[in-house]
Each structure stands twice: as structure tokens, then as C-alpha cells.
Amino acid sequence: MHEVANTPRGRGVLACIQCGRCTNSCPVSRVEKEHNPRKLMEMIILGLRSEVIGEQLPWYCLSCFTCLDRCPQGGDVGEVMFALRNLTVREGKIPEGILAQAQSLFDNGRVVTASRMASIQREKYGLGKEPTVDVEAVQKILVKTQFDKLINKGKRSL
Amino acid sequence: MKYAFFAGCLIPAREPQYENSVKKIAPRLGIELVEMEGTNCCAPFSIQSLDYTSWLALAARNLCKAEEMGLNIVTLCNDCYESLLMTNTILKENKETKDRVNQILADVGLEFKGKTDVKIFSDVLYEDVGLEKVKDSVKRPFTGLRVAVQPGCHLSKPKRLHFEQWRGITALDELVEATGAKSVPYERKEACCGGPLRGVNDEVALHVAKQKLDSIKSAGVSCIVTVCPFCFIELDMGQIEIKRHMNEEYGLPVLSFAELLRVAMGMDLEDWELKAHRIPITGILGMTEAK
């Protein structure tokens, strides 16, 4: 529990009283029974590390922050999900779709790159070129934060 | 009213019609949008999921660029808004974190000073331009058009980041009603469209979208209006996918608020912009009347 609580976004787990309002308000829990934020919080509290960190469960979260608003304890469940994903990623477990976004960020300075059709449309309809991106600055930052190493670790575990 | 314009990456690349409508309505309301050059990804949900410090440093770099311009930063996208607003708040409140991020930014010749405010375009319309002026700009009101407003999560959640409770939702409702349309209440209006799970778990994303569309349909509306580019894709293209995979058809046109206002101001959408909507919107656009 303290491993999670000591990360910048994980503190909320300490406030959890297991009331389940997060799960009741969660739009994913309504359609996917696998995803149960209350249960995830319980597993963290019980210290079931291997069942939480490195697993798929925290990746079901939409980060819609409904649970943040509903939690009577200010327990920031949606924030704790970020903490869990950050810890999971350090073990090299990154879903393929997210890994592709991370690589695009490193290579292009942005997650979504221009499509040929949009470029043609922009030119033709007077919107001008897309705003420029400073890729070199992005890479400097990401090397300093060792984000590049996270990507490589994720690729090796695919 | 002058702002540093942070277009993000999704809108310029995938939804240029949205950007075009914003640029058409802005000058008529006295808004000047100054393009930002040499920015980077806002670091949305997916990047925040990977690493906390990388997120803050990337988002802060964009904020520094706006500080250099001496302007407040305005975004069109809910995800850019959330990432920049949250970073701005964290760094302004927490000196230790700010110092750590500034150490990283020093390598690219920047320093976060906390001198810009983050706004989303609908905030600019509601707070800076004002509802009355928006109303005055309407020449062809959508009188009686029944609209389901989809604010998108990060316009108003988490509440503590958005000062007044649900301001984001009520502001957008009032803006929609300024065009003469009626914002119809529906169940679970604040619920997510499912978009953030695209590319991670497409099936769950589509089920969440369906949940939303079911609730909107039962409210008996003619269209959906949103400000979020992710909600637009999920609810517009999502209807095609739901029809294919779940055999359920809604036929609900989805418009950005900028498009609705532009038409209400008396400016027609161009053919290429109409074609950017997978569910045809032409039926809706004819529902205006002369003022």
C-alpha cells in the first residue's frame, strides 16, 4: 500500500473506506465486470502487489474522474489509477496502443501525427500549415526524464 | 481579447473543420487567436499513465511558451485543457515539484514562472466574451432545435479543478441555448463517451459509447453538440461501428459547438466540412430561421 501511496498520484489510497461509490459511478464498471475500482483499492490495501502492479486492470480506467467527484473521502481513485499505471510501466508492461503513442511522442513531439488528407484540406481551404512542433526539445526532456528507457523496456516485453 | 492559441495535435490533424469554425467565429466576437509555434504534445491521459515527471515537464513547456508570449493559453480540446490546467495548478501550488520541473526545462532554455492561465475556448466565450454578446451575434437562430449537450469529462471534472460545481456543463448549456436551441436534459449527462479507451480496449470503449448514445436517444433529441474532439470521434464514428458490431442504429448527427454557432451566425459550412461528419448533419443545418 505504501509503495502506491508514496507516488505523486497514489496518496488517495490511504483514505479508502471501501464504500464502493467509485465502482457504482464508474462508466466502465457498468459494461465490464472485470473493472472494479473498489476491489482494486482493496487489493492495494491488502498488499497483493503481483495481482495489481503489472496487470491489465488499471488500464480499463477512462480517467473520466467521476470517482474523484463521488468519493466521500477525497480518495482520488482515478488518480490512484495513474499511480498504478506508472508503477506497472516501470516493470515494462505497456499496452501496445499506448506504446505506439509514446513512440510517436518521442519521434514527432506529438501523439497524433498529421494525415495526408488533413494536410491537403488545410492547404486547400486556407487553414495554413499545422502548428510547428519542437521535436528536439521534446527529446531532450524525455531523455532527461528517462522516458526513452521506459519505451525501450516496454518494447522488449512485448 | 488576445490569447496564445494551442491547437493540440488531434484537431489540426483529424478535425480541421472544427478548427476552421473556431477561426471563423473568433474575429466576429473580438477574439484574437495568436498561433503558438514550436510547442509539443500536451501530454494527455496516455502519456500521464506512463510517467508523472515527463507529463509535467512536457505540459509545462507549452505553458512557458505562452508565458513568453505574455498571453493566457486557450485550447479547443478537453484533454489538452485538462493536462495544461492540472499542470499549471500543480506547479503553481507546489514549489518542490516546480523546482524539479524547472531543472528539466533549464536544458531547453525555459523556466515555468506561473504567469499564464489556461482556458478552453468555451470558457472564453462564456466568461470573456459573455453570453449577451454571443446571443447578439446570432442571426439565424436554431429555434426549438432539441440538442443533447455532451460536455466531455474534462470540461468540468474533477470539480475541485473547476472552481464552481458543474460550471463547465451549465456554461455550455447556456451557450447552446444562446443559439436558440434547447439543451435537453438526459440521464448520466456527465458520463464519459468511452474515447480514452480507444486503442487500449476498443470493445469496452464502444460499449461505453453505446451506453451514452442509448441515454441520449431516449431523451428525444435531434443532434448532439460537444466541444471535445475525442467525444466527437467516439460519438460520430462510434455510431457507424456500433451499427456494424451491435446492429443498433441511432442516426444522431454530432456537431462541435463552434459549428453550431457559426451556422447560427449566418455562415454556412463548406462542403468539405459537411463531409467530415460520418452521420450527415445537413438536416440539422436547415433548421434555422431568420431573426
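The C-alpha centres of domain 1 and domain 2 of chain A are 29 Å apart; the domain bounds come from an automatic or database domain assignment. This is a predicted model, in which local features need pLDDT of at least 70, side-chain atom pairs count only at pLDDT 80 or more, and totals for chains, interfaces and linings use all residues. Residues are numbered from 1 along each chain as its sequence is written, and chains are lettered from A and ligands numbered from 1 in the order in which they are written.

**Chain A domains**
- Domain 1 spans 2–90 and domain 2 spans 96–156 in the assignment for chain A.

**Contact between chains A and B**
- Chain A and chain B each give 52 residues to the contact (C-beta atoms, placed from the backbone, within 7 Å).
- On the chain A side, H5 (66–70), H6 (77–90), H7 (96–108), H8 (116–124), H9 (135–144) and H10 (147–156) each supply at least two residues; helices (H or I, at least four residues) and strands (E, at least two) are DSSP runs, numbered from the N terminus.
- H9(A) gives the largest share of that side, six residues.

**Sheet in chain B**
- Four strands of chain B form an open sheet with parallel pairing, in the order S6-S5-S7-S8; two strands pair if DSSP finds at least two bridges between them.
- S6 (182–183) and S8 (254–256) of chain B are at the edges with a single partner strand each, so one side of each has no neighbour in the sheet.
- S5 (146–150) and S7 (223–226) of chain B run parallel and are joined by four bridges.
- Val147(B) is opposite Cys223(B) in S7(B).

Note on methods: Contact = placed C-beta atoms within 7 Å.
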